[in-house]
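Please look over the sequence and the model shown here before reading on.

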Amino acid sequence: MSKIHNFSAGPCILPQEVLKEASEAVKEWGDNGLSLIEMSHRSKPFIAVMEETRALTKELLGLPDRFEILYLQGGASLAFLTAAYNLIPEGGSAAYSDTGTWANKSIKEAKHAGNIEVVASSKDSGYKSIPPTPKVDSKHSFFHYTTNNTIFGTQYKGIPTEAGVPLVADMSSDIMSKKFDSSPFQLIYAGAQKNMGPAGTVMYAIDKDVLGKSGRNIPSYLDLGVHLSKDSMFNTPPVFSVFTTLLTLRWLRDLGGVEAIEARNNAKAEFIYNEIDRNPLFKGHAEIDSRSTMNATFMLNDESHKDAFNAAWAAAGISGINGHRSIGGYRASMYNALPLESVGVLVDVMKEFERTI
Ligand SMILES: *Cc1c(COP(=O)(O)O)cnc(C)c1O
């Protein structure tokens, strides 16, 4: 077992048992006599992996039958474009929320496929909060938002149904961390590398009834209908990423699913935020009502304590809590696989630092 408390923002901590099983499969996968990564993706065992991964994703997210699951390449960064291409008709438009770096990237890419109107933004407050969602003009095909903003440590607390149009969301950094009502959504996508598995694959949950309705000629790899018609095997899938995602999803199912992990995630978030608010040496970065349960951002009140604090957490075996270079300070990322004990170690370091500084 690793003694490092891994608070990395992504790629990030995965369950130890998943790492063990995945590494064994790379050497020799079950009784197949071959490594997982030297077998045909068209082989029966791998097709079974892809099918179970798609089905288990749907089950854990509680998605109804209108949704189909795809595991593709290109990460969320390609999904920014794919989403717009598949859902905005030629000459059409969509409404976007601007809540920080990833949201900005989604807007930039979507502009290749349609007229994009930013209808909500927290730019003026330095992205420390989640902006209110306005009623969106029905000419827009959808309202797109980023559920959790990894860099600034903010998170939508509810589903912005006030928009009044179908929703599309980048859930890369809080997928599988809490329950949500999928009924207003047409498309959800998420890079696997935070709560679902290793880097290399991105999950799409698409309402199959909206596919093929945009009337546009979409390049094959960007066309979700093409991927769906091939059962997520239009081209060679990222076999290791999909397999390891499956192991992570089984781990989640076996511990009680999304509802069980949500309770753990809430406990971890409460633990760290209570300490940030109590300890006079620190202050939180995001506004309280917009705080993320996945990424807690905080600062030292007195920057001259920086070197001493950095030495203290490093000595405790903590890794990955430096804030994103664009905002500085600290960021404790507490994805599904991070145990409560690791948060306890960080809280103890903060308490001890207060006593000794
Ligand atoms: C990490 C992250 C991404 C990552 O995109 P990739 O292309 O998969 O690297 C996108 N959006 C959000 C909100 C993220 O947190």
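K157 lies in the loop between β7 (154–155) and β8 (167–170), strands being DSSP runs of E with at least two residues and helices runs of H or I with at least four, numbered from the N terminus. This is a predicted model, in which local features need pLDDT of at least 70 and side-chain atom pairs count only at pLDDT 80 or more, while totals for chains, interfaces and linings use all residues. Residues are numbered from 1 along each chain as its sequence is written, and side-chain values use heavy atoms, with hydrogens and water left out.

**The loop residue**

- K157 counts as partly exposed because its relative accessibility is 49%, where buried means under 20%, exposed over 50% and partly exposed in between (1.4 Å probe, protein chains only).
- Between the C-alpha atoms of K157 and S97, which are 60 residues apart along the chain, the separation is 15 Å.

- A polar side-chain atom of S77 lies 2.7 Å from an oxygen atom of the ligand, and a polar backbone atom of A76 is 2.9 Å from a ligand oxygen atom (a polar contact is a pair of N or O atoms within 3.5 Å).
- For T150, an N or O atom in the side chain is 2.4 Å from an oxygen atom of the ligand.
- The protein buries 88% of the 390 Å² that the ligand exposes when taken alone, with accessible areas coming from the Shrake-Rupley method with a 1.4 Å probe.

**The shell**

- Helix α3 (residues 75–87) gives the most to the shell around the ligand, with three residues.

Key
Polar contact = N/O pair within 3.5 Å; in protein donor to acceptor, adjacent residues only side chain to side chain.
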